[in-house]
Amino acid sequence: MPSELPETIDPMRLAKTGKELSGSYDLHQLLRVNALLGADPDGQVSFRLKFFRDDESRLFCIIGRLEAMLPLVCQRCLQPMQHQLGGIVNMAIVSDEAEAESLPAQFEPYIESGLPVKLQDFVEDELLLAMPLVSLHEEKACPAADNPTENKSGRERIAKVNPFAELKNLKLRK
Ligand SMILES: [Zn+2]
């Protein structure tokens with residue numbers, strides 16, 4: 001893995017020349033992500049980003065993937081859990097909101113500011129977007145899931161999170 005990542009990037013320039021960046025950041029470095037975690041993270045987020053011009057749509061694109069193991073808190077039993085996150089990046093670079101509106105549905109707009117962007121911030125933004133809204137253990141691994149011997153406070157907690165039960169399956173899918 002190349003260790004020399006640029007501090008800042010100009011996504012449009014990278015897309016015009018066709019560049020690929022891959023690397024990783026310590027989760028410790030990402031303060032906005034840290035604020036959402038249940039414990040001090042000791043892992044990394046690894047990423048791979050490809051900047052290019054798509055011949056067919058003639059759009060300048062950023063596609064890629066990021067992966068991280070995140071220490072979260074299960075919203076059902078309130079115990080720590082590890083979440084294997086896999087995020088997909090599929091963006092097209094646009095210059096304004098109007099252009100963003102006209103993008104094909106598979107692309108997220110990336111609105112170009114014309115200024116250099118900190119690569120770390122870019123990766124952190126994507127990681128934040130990929131994080132689950134509700135984190136839950138799998139039912140068989142969760143002490144508070146459908147357990148008839150669970151105490152009263154446990155049952156109350158289950159009742160509280162029930163509205164999210166359907167979300168759970170979506171969120172656990174990688
Ligand atoms: Zn749980």
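**Figure 1. Leu-78 in its loop.** Leu-78 counts as exposed, because it has 12 C-beta neighbours inside 10 Å; a residue is exposed if 12 or fewer other C-beta atoms lie within 10 Å of its own, buried if 20 or more do, and partly exposed in between, with C-beta atoms placed from the backbone. The loop that holds Leu-78 runs between S4 and strand S5 (80-94). Strands (E, at least two residues) and helices (H or I, at least four) are DSSP runs, numbered from the N terminus. Leu-78 is not a glycine, yet its phi is positive, about 65 degrees. Most residues other than glycine have a negative phi. The model is a predicted one, in which local features need pLDDT of at least 70, side-chain atom pairs count only at pLDDT 80 or more, and totals for chains, interfaces and linings use all residues. Residues are numbered from 1 along each chain as its sequence is written.

**Figure 2. Arg-58 between S3 and S4.** The loop between strand S3 (44-53) and strand S4 (60-73) contains Arg-58. Arg-58 has a positive phi of about 60 degrees, although it is not a glycine. With 7 C-beta neighbours inside 10 Å, Arg-58 is classed as exposed.

**Figure 3. The open sheet.** Five strands make up an open sheet of mixed pairing, in the order S2-S3-S4-S5-S6. Two strands pair if DSSP finds at least two bridges between them. S2 and strand S6 (108-111) are at the edges with a single partner strand each, so one side of each has no neighbour in the sheet. On average, neighbouring strands of this sheet are turned by 30 degrees against each other, direction ignored; the axes are lines fitted to C-alpha atoms, for helices over the stretch in contact, and angles run from 0 to 180 degrees between N-to-C directions.

**Figure 4. The pairing of S5 with S6.** S5 and S6 run parallel and are joined by four bridges. Met-91 has Glu-108, in S6, as its bridge partner. Strands of a sheet pair through backbone hydrogen bonds, either parallel or antiparallel.

**Figure 5. Helix H4 and the elements it packs against.** Helix H4 (residues 119-130) has twelve residues. From first C-alpha to last, H4 reaches 17 Å, close to the expected 16 Å, the expected span being 1.5 Å times one less than the number of residues. Val-123, Glu-124, Glu-126 and Leu-127 are the buried residues in H4. Seen down the axis of H4, the buried residues fall within an arc of 165 degrees, so they line one face of the helix; the arc is that of the directions from the helix axis to the C-beta atoms. These buried residues of H4 pack against strand S2 (19-26), helix H2 (31-34), S3, S4 and S5.

**Figure 6. Glu-4 and Gly-23.** Glu-4 lies in the segment before strand S1 (8-9). Glu-4 is exposed, because 5 other C-beta atoms lie within 10 Å. Between Glu-4 and Gly-23 there are 8.5 Å in space, C-alpha to C-alpha, and 19 residues in sequence.

**Figure 7. Residues 158-163 and the confidence of the model.** The mean pLDDT of the protein is 86, and 82% of its residues reach 70 or more; pLDDT is the predictor's confidence in each residue, from 0 to 100. Over residues 158-163 the pLDDT is below 50. Beyond near neighbours in sequence, residues 158-163 have four contacts in the model, a contact being two residues whose C-beta atoms, placed from the backbone, lie within 7 Å.
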